[in-house]
Structure formats: structure tokens, C-alpha cells
Amino acid sequence: MTTHRSADTSTSDTSKPDTSDNTPDGNAEYGRKTFKRSRSHFADRITADGRDGWPVEAGRYRLVVSRACPWASRAVISRRLLGLEDALSMAIADPIQDDRSWRFTLDPDGRDPVLGIRYLSEAYDARETGYPGGVSVPAIVDVPSGRLVTNDFQRITLDLATEWTALHRPGAPDLYPEPLRAEIDEVMEGVYRDLNNGVYRAGFATGQREYEEAYEDVFRRLEWLSQRLADRRYLVGDTVTEADIRLFTTLVRFDAVYHGHFKCNRYKLAEDPVLWAYMRDLYQTPGFGDTVDFDHIKRHYYQVHTGINPTGIVPGGPDLAGWLTPHHREELGGRPFGDGTPPGPVPAGEEVPPAGRP
Ligand SMILES: N[C@@H](CCC(=O)N[C@@H](CS)C(=O)NCC(=O)O)C(=O)O
């Protein structure tokens, strides 16, 4: 009997918070009862020079994601924007985990057709026998050996942008431009601490003070972002970068799950004119909205986190129609893809089903 192997304390026993201070940027000051995100355990990198034993190679690896997961969704967007769909195939897990974690129940016979496995944990086990840690997405698996290569969600997208360049499509944008890296890193650090992870700290708080601190962090950061984005189209520079991708995957979930389920309810994203327009702009940009499955997002959060939603009832709203309304952000200038071009259509078989879109 295998027990549920959650890498994210959010989905496991939230009454036993992880007290280790091993988050990418650490947050020891929040004290014992604070929600802690587990560190990625497998941090090998797939690089152009193959220095960790994993060279960039077309067709060799499989990206395993859940469309529900904000961290995995970063990689889904990067893969689309960079045109890596043919080079790096993608497996989409069922948004609802069972006691063995992520599973391929959306596929025929409940098996991933490329890896031939039923659970992502099988790739973790192939990498390290008896690995006691959590099974998380995003994960990249070596197809020939069936072994997990990395589940390092912070690193995966940076490497897709900078190490996989030989396989990028013609016209792919530079998502992590060298001259802007310091600024991108600084923006992403604050957004991670207060917002990407802040919503989880609010949602899985087990004490009032802890919740209130996280809640304040979330809305202080939203105010900061709203001011920053009032007169500039993108977060850093005048094109889409990694910073926008990381902000997008959290904000696109805000009204659907974080506002209600995670109690981040001072206001909805749709009530902040700047952020709402920024998000509609990105949503309507090829490679962003066409990866988002609101059905997977809502069902995952509301059905899996029974500690905070014991009935498992998935709310009907919000109405998604607004995502497609004009945003007028073109008036701020900016060129989404810089000197490059938008990605082509979503590959056959990877379209988000109608239930998940406006
Ligand atoms: N904590 C993960 C970051 C990614 C993550 O938290 N993913 C979540 C989904 S959003 C996950 O797979 N959690 C495991 C689970 O829910 O069983 C890691 O250590 O790499």
C-alpha cells in the first residue's frame, strides 16, 4: 500500500506544517506554524553541454504537468512561446490526485502513452528506489530510461529559455534577456515570496496571525504590481519575459480559486482595472490563455484540498466571459514578442477542452 506522496504540504496533512526552512528564498521569520513549500529534490539540469548527464536533445524528454498547477503551468507556457512542442512532448496528469499522487487517468487505459506508466511516482521510483519525498509537477522524465530528471520548478523554465535555444522555433522570444536578468530576478523574488507562494501561505495557514500576514503580503504586492503596470505593458522591459509568465500563472487563478478557497478576498482581480487589463492582454496573447484550463484548476483546488473544503463542492463561478473582452493595453506600446513572432496554433491533441475555457 502506497500512501499519498504529496510534495506540496498544501495537499497533504496541513495540520503538520513542514517546519524546515528550505524554500527557495526561505521564510524563517514566519515561525513554526508557517506553510513551507518543499524544496525540489531532483535538481539535475538539462543543458546544452549536458554537464549533469542530460544534454538537450529533441524527442528525448517528456514534460509532465498538471494544468491545475501554477508552477507546472509556467513550463507549459514557456514551451508554447518557445515553440518546443515537437522537441519536448507533454503529458497532462488528471487534476485530481489519488493516494499515489499524480496519475494519467485522462489517457486511454490510464497510462501515459509515451512513458507507459500509470503514475508519475513510477518515474520518481525509477530514478531513486524508495524515494520518500513528494511527487510533484512539473517534472521532466527521460523517455528512454523512464527516469525522472528534474522537478525543479524554479529552474525548468529558465533552462527552457536559455539552454534549449538550439531547438527554439524561428521567431521565438527571448524570455530571459541577459541585460534584464538582474531586474527580472528581483521582481520575481518579491512576486514569489508575497504572491506566488503568498496565496498558499494564506490558504494553508493554520493560525489567524499567519493567515493575516500572508493576506497582507498578497495585497501589498498586488498594489505594487498595479502601480508598476499602470504605465508599462509588461513587468520588465517592453516584451513578455519570464517575470510575466510567473505572475500570469498565479493571477489567472486568483478569482477562480485564491479569492474564495484561499481567502485572499480583499478584492477580486477583476476589480483592479490595471491588473485585470494586464491579465486579459496576456490571456489573449497566443501561448498564454490557450494553455489555461479553468476546469482543471477549479476541480483540483476545491476537490483535492479537503482540509479546507471538506465538501469538495466546486463553485460555479466566476463567469469567464470577461477574459475575452478588449484590454486596450496596446496603447501603452510594447511588443509582446520583441523582434520575434507569436507561436503558431496549439498542436492537435493539446487543445484545452471547452469546459476549461471562456
Ligand atoms: N513543491 C514543489 C513545487 C511544485 C508543486 O508544489 N507542485 C504541486 C502542484 S501545484 C504538486 O505537485 N504537489 C504534489 C501533490 O499535490 O501531491 C517542488 O518541490 O518542486
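Trainee: At about what angle to S1 does helix H1 run where it lies across strand S1 and S2?

Mentor: This is a predicted model, in which local features need pLDDT of at least 70 and side-chain atom pairs count only at pLDDT 80 or more, whereas totals for chains, interfaces and linings use all residues. Residues are numbered from 1 along each chain as its sequence is written. Helices (H or I, at least four residues) and strands (E, at least two) are DSSP runs numbered from the N terminus, while axes are lines fitted to C-alpha atoms, for helices over the stretch in contact, and angles run from 0 to 180 degrees between N-to-C directions. Helix H1 (residues 70-81) lies across strand S1 (61-65) and S2, and the angle at which H1 runs to S1 is about 130°.

Trainee: In what order do the four strands stand in the open sheet?

Mentor: Two strands pair if DSSP finds at least two bridges between them. In this open sheet the pairing is mixed, and the four strands stand in the order S2-S1-S3-S4.

Trainee: Why is one side of S2 and of S4 left without a neighbour in the sheet?

Mentor: Strand S2 (89-92) and strand S4 (147-150) stand at the edges of the sheet. One side of each is left without a neighbour because each has a single partner strand.

Trainee: Which residue of S2 does Val64 stand opposite?

Mentor: S1 and S2 run parallel and are joined by four bridges. In S2, Ser89 and Ala91 point one way and Met90 and Ile92 the other, and all are buried, where buried requires 20 or more other C-beta atoms within 10 Å of a residue's own, exposed 12 or fewer and partly exposed a count in between, with C-beta atoms placed from the backbone. The residue of S2 opposite Val64 is Ala91.

Trainee: Which residue in S4 stands opposite Ile140?

Mentor: Strand S3 (residues 139-142) runs antiparallel to S4, and three bridges join the two strands. The residue in S4 that stands opposite Ile140 is Thr150.

Trainee: Which helices do the buried residues of H9 pack against?

Mentor: Helix H9 (residues 273-283) is mostly covered, since eight of its 11 residues are buried, among them Leu275, Trp276 and Met279. Leu275 is in contact (C-beta atoms, placed from the backbone, within 7 Å) with residues including Leu222, Leu225 and Leu251, leaving aside its neighbours within four places in sequence. The buried residues of H9 pack against helix H6 (208-228) and helix H7 (242-251).

Trainee: How many of the 10 residues of H7 are buried?

Mentor: What covers the buried residues of H7 includes H1, helix H3 (153-162), H4, helix H5 (198-203), helix H8 (254-258) and H9. H7 is largely enclosed by the rest of the structure, because the number of its 10 residues that are buried is 10.

Trainee: Are H4 and H7 roughly parallel or antiparallel to each other?

Mentor: Angles under 35 degrees count as roughly parallel, over 145 as roughly antiparallel, 65 to 115 as roughly perpendicular and the rest as oblique. The axes of H4 and H7 come within 9 Å and cross at roughly 10°. H4 and H7 are therefore roughly parallel.

Trainee: At roughly what angle do the axes of H4 and H6 cross?

Mentor: The axes of helix H4 (residues 181-196) and H6 come within 8 Å of each other, and H4 is oblique to H6. The angle at which these axes cross is roughly 135°.

Trainee: How far apart in space are His327 and Tyr278?

Mentor: His327 lies in the segment after helix H10 (294-304) and is partly exposed, with 18 other C-beta atoms within 10 Å. Not counting residues up to four places away in sequence, His327 touches Ala277, Arg280, Asp281 and Gln284. His327 and Tyr278 are 49 residues apart in sequence, and their C-alpha to C-alpha distance is 7.4 Å.

Trainee: What share of the 358 residues in the chain do buried residues make up?

Mentor: The chain has 10 helices and four strands. Among contacts between residues at least 6 apart in sequence, 70% join residues at least 24 apart. Of the 358 residues in the chain, the buried share is 47%.

Methods
Two residues are in contact if their C-beta atoms, placed from the backbone, lie within 7 Å.
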